[in-house]
Amino acid sequence: MTADVLGPDNAFWIDGEWLGWDSIIDPEETKYSRLAELEREAELRLKYPNADPTLVPYFQDLLTLAEAYFRDTGQHLNVYGDIGELFGAIMYGIKLHKNHAQGSDGRLGNDFVEIKTISPINSKEKTSVRLDRHFNKLLVVKIDDDFEVSGRLIKRANLPKRAGNNLQLSWANMPEAN
């Protein structure tokens, strides 16, 4: 028997004819197909044009986990800084430095970017920025009580001038985003 001949070894009988197993589309298999993978990647590129598409699922999963944990326990996980950094990488195209790198959290072109996250725990919606760190831009990311995420990218030159190394910023009175 050749591979071209359909029969009980490589097909099943339905409605008076042999139907090969190859002609059946298994939804589980298409979920992992290369075409489905490319379609998901194209959809992510459309939604997040500056993103490394491999980071998006981690951002979405971490945000979903933080929200579910809070809804189930009333407690917050200590992940909001990581969510803020992933948001910066996805929405703005910031290339993140290795963990605990000194001076800034990432690069955007030739600019060093410091990322500060205002979490749902922070009822006053304020953050503190160390001005002795090496950065040209500041990204302030806010995760609200509904776990919606937004951000404002600000040039360091547009930050309020002050003496000392710490600057307190309020989301409501944030300098103009660039």
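**Entry 1: salt bridges**

I began with the charged side chains and counted six salt bridges, taking a Lys or Arg side-chain nitrogen within 4 Å of an Asp or Glu carboxyl oxygen as the rule. I kept in mind that this is a predicted model.

I found both residues in helix α2, which covers residues 34-47. They sit three residues apart there, about one turn of the helix. For Glu37 I noted a relative accessibility of 36%, so I put this residue down as partly exposed.

Next I looked up Asp111 and Lys137, whose side chains meet in a salt bridge at 3.5 Å, N to O. Asp111 belongs to strand β5 (residues 111-118) and Lys137 to strand β7 (residues 137-143), so this pair ties together parts that are 26 residues apart in sequence. Are the two partners buried or partly exposed? Lys137 has a relative accessibility of 17% and counts as buried, because buried means under 20%. Asp111 comes out at 24%, and I wrote it down as partly exposed.

**Entry 2: the whole chain**

I stepped back to the secondary structure and listed four helices and nine strands. Reading from the N terminus, I wrote the order as β-β-α-α-α-α-β-β-β-β-β-β-β. The radius of gyration is 25 Å, well over the 16 Å that the globule rule gives for 178 residues, so I noted the protein as more spread out than a compact globule. Along the principal axes, the C-alpha atoms fill a box of roughly 85 × 40 × 25 Å.

How much of the protein is buried? I got 31% of the 178 residues. The exposed surface comes to about 11800 Å², with carbon and sulfur atoms supplying 50% of it. I also checked contacts between residues at least 6 apart in sequence, and 47% of these join residues at least 24 apart.

Back to charge for a moment: I counted 21 positive and 28 negative charges, and their mean positions lie 19 Å apart.

**Entry 3: Thr127**

I picked Thr127 in strand β6, residues 126-130. Its relative accessibility is 9%, so I marked Thr127 as buried. Which residues does Thr127 contact, leaving aside its neighbours within four places in sequence? My list reads Lys116, Ile118, Val140, Leu167, Gln168 and Leu169.

**Entry 4: positive phi angles**

I finished with the backbone. Most residues other than glycine have a negative phi, and I wanted to see where two exceptions are placed.

His100 is not a glycine, yet its phi is positive at about 65°. I located His100 in the loop between β3 (95-96) and β4 (106-108). With 76% relative accessibility, His100 counts as exposed.

Glu125, also not a glycine, has a positive phi of about 50°. The loop between β5 and β6 holds Glu125. I noted Glu125 as partly exposed, at 28% relative accessibility.

Conventions: Residues are numbered from 1 along each chain as its sequence is written. This is a predicted model: local features need pLDDT of at least 70, side-chain atom pairs count only at pLDDT 80 or more; totals for chains, interfaces and linings use all residues. Side-chain values use heavy atoms; hydrogens and water are left out. Helices (H or I, at least four residues) and strands (E, at least two) are DSSP runs, numbered from the N terminus. Buried means under 20% relative accessible area, exposed over 50%, partly exposed in between (1.4 Å probe, protein chains only). The radius of gyration is taken over C-alpha atoms; the globule rule is 2.2 Å times the number of residues to the power 0.38. Contact means heavy atoms within 4.5 Å. Accessible areas come from the Shrake-Rupley method with a 1.4 Å probe; for residues, only the protein chains shown count as cover. Lys and Arg count as positive and Asp and Glu as negative; His and the chain ends are not counted. The place of a charge is taken as NZ of Lys, CZ of Arg, CG of Asp or CD of Glu.
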